Number of protein chains: 2
Amino acid sequence: MLAQDEEMMFTDARIDSIMYQVTFNPKTREGDIIANLSLVDKKDLDETLEIFRQVMYSGLSVCSYVKLFDEGDIFSGLTIPAGKAGITTVCSITIDGVLLKSGIPAKPIFGGIVQVKDRVPVRFTDSIRYECTTIDPLEVLMSQDLTSVREMMRTGSGKILANLREVPMAAKDDVDRTINRLLTAGFYGILEVGEPNSPVLGADVSRDHMGIIITGGTNPMCAAQEAGIPIITKAIKGVLDFHEMKKLA
Amino acid sequence: MLAQDEEMMFTDARIDSIMYQVTFNPKTREGDIIANLSLVDKKDLDETLEIFRQVMYSGLSVCSYVKLFDEGDIFSGLTIPAGKAGITTVCSITIDGVLLKSGIPAKPIFGGIVQVKDRVPVRFTDSIRYECTTIDPLEVLMSQDLTSVREMMRTGSGKILANLREVPMAAKDDVDRTINRLLTAGFYGILEVGEPNSPVLGADVSRDHMGIIITGGTNPMCAAQEAGIPIITKAIKGVLDFHEMKKLA
């Protein structure tokens with residue numbers, strides 16, 4: 001939400017600004033990543049982290065690193081309220097930042113919901129384009145009871161959050177190299193890399209581009225919510241030194 | 001959500017199709033309107049209707065008419081589940097349909113959140129454009145705890161749902177006439193009619209057009225949710241004969 005004198009800022013502009021702040025280098029595993037922040041009641045923290053661990057172990061997150069914040073701590077201008085614990089996780093837009101800092105013009109297009117059947121992602125069933133919304137799509141979609149992350153983990157079929165970005169097909173080799181480095185660094189959340197000039201999971205891609213689909217960094221939060229834990233999530237909240245994060249799964 | 005073989009349909013296309021089905025004539029008060037459907041537990045029905053009545057009485061809805069559905073009843077392909085009651089209310093896109101059927105090309109642009117101060121609408125604080133989302137903006141925004149409809153009713157200041165459409169400025173007289181007819185027919189939800197070529201509540205309008213802001217038909221559902229009543233809402237669910245609806249407030 002906006003302060004009294006702020007103007008409406010569309011998510012693509014917000015993403016542009018924060019991608020620019022990413023300094024994470026997958027080769028050295030050093031630098032700043034973009035983090036989502038979730039708030040839960042302190043009494044729910046252990047149960048929440050166990051769910052996060054399971055979701056991350058299933059590969060339905062960007063990577064398995066978290067940093068915890070206690071009440072009174074401040075992350076990116078937000079003070080963790082009394083009685084609450086803050087959990088930061090890596091936001092998928094971090095990967096766009098890494099591509100950008102490798103010289104590849106990655107353009108996040110939309111956030112949406114991907115239907116998975118027998119562990120194979122089938123297609124997008126819903127989407128909201130970043131350039132047309134002031135609120136992060138993965139933040140609004142997670143509160144809509146449209147996901148079934150826990151069912152997906154249990155049965156192999158369900159609906160998860162993911163987002164699409166486009167890169168120029170001319171950058172294909174560089175993209176493959178960067179993605180491999182990210183995989184080696186423990187960033188397993190790349191769901192699908194499309195062929196040049198071809199739709200990915202039913203989503204159209206601009207001419208001379210290819211689409212890359214990454215699992216939403218907010219899938220663990222969906223699973224916690226599906227389990228009945230009250231959780232508030234601010235997607236794309238701020239940047240964080242990767243060194244301060246710990247592996248959870 | 002989509003069936004297995006359905007394609008993603010953006011909300012503006014869905015709106016186009018359903019606007020076309022509006023036959024409501026404000027002069028005769030006859031014909032079909034577009035309805036939102038909400039589901040609540042039967043035990044919560046009376047309390048929910050009392051909240052709806054208050055919101056409608058405060059003018060924070062399109063009009064004050066509802067139609068109730070019992071468990072087992074079917075509305076627009078959806079069977080009301082056991083233990084639930086269905087409440088249909090008039091969707092603000094009805095007004096676009098009425099403008100269309102008066103020969104005015106009304107184009108719904110976005111749904112968003114309007115900040116109100118001392119009973120005066122100040123500006124949009126958030127928005128999602130219809131052409132870029134497969135899920136209705138007012139449906140996703142109402143579940144985001146971004147609204148404060150009850151506070152607005154109590155104190156005169158708060159955040160409510162509203163949406164913006166554009167009409168050509170050449171149609172100004174016809175628009176004024178149609179809106180007056182709608183007001184006479186009990187459709188009080190018109191929040192603001194902008195000047196030609198001027199922003200309305202901080203939102204830009206296309207050249208040679210004027211903006212019309214209408215309160216969200218889902219504000220009563222926001223208020224119920226804010227009061228802690230579990231409520232599921234499907235915005236723009238189907239069409240309904242206005243004669244079947246009853247005045248609530």
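Biologist: In this predicted model, what makes the 84 residues of the largest nonpolar core one set?

Modeller: A nonpolar core joins buried residues of kinds such as Val, Leu and Phe through side-chain atoms within 4.5 Å, and the largest such set here has 84 residues. Those with the most contacts inside this core are A:Phe124, A:Val149, B:Phe124, B:Leu141 and B:Val149.

Biologist: Which residues is A:Val149 in contact with, leaving aside its neighbours within four places in sequence?

Modeller: Contact requires heavy atoms within 4.5 Å, and the partners of A:Val149 beyond those neighbours include A:Val55, A:Leu60, A:Ile160 and A:Cys222.

Biologist: How much area is buried between the two domains of chain A?

Modeller: About 2300 Å² is buried between domain 1 and domain 2 of chain A, and carbon and sulfur atoms give 64% of this area. On the side of domain 1, A:Thr11, A:Leu60 and A:Ser92 supply 25% of the area buried against domain 2, more than any other three residues.

Biologist: Why are chains A and B said to be related as by a two-fold rotation axis?

Modeller: A rotation of 180° with 0.0 Å of shift along its axis superposes chain A on chain B, with an RMSD of 0.0 Å; the two copies are thus related as by a two-fold rotation axis.

Terms used
Residues are numbered from 1 along each chain as its sequence is written. Chains are lettered from A and ligands numbered from 1 in the order in which they are written. This is a predicted model: local features need pLDDT of at least 70, side-chain atom pairs count only at pLDDT 80 or more; totals for chains, interfaces and linings use all residues. Side-chain values use heavy atoms; hydrogens and water are left out. Copies are superposed by least squares on the C-alpha atoms of residues with pLDDT of at least 70 in both. Buried means under 20% relative accessible area, exposed over 50%, partly exposed in between (1.4 Å probe, protein chains only). Buried area is the accessible area (1.4 Å probe) that two parts lose on being put together, summed over both.
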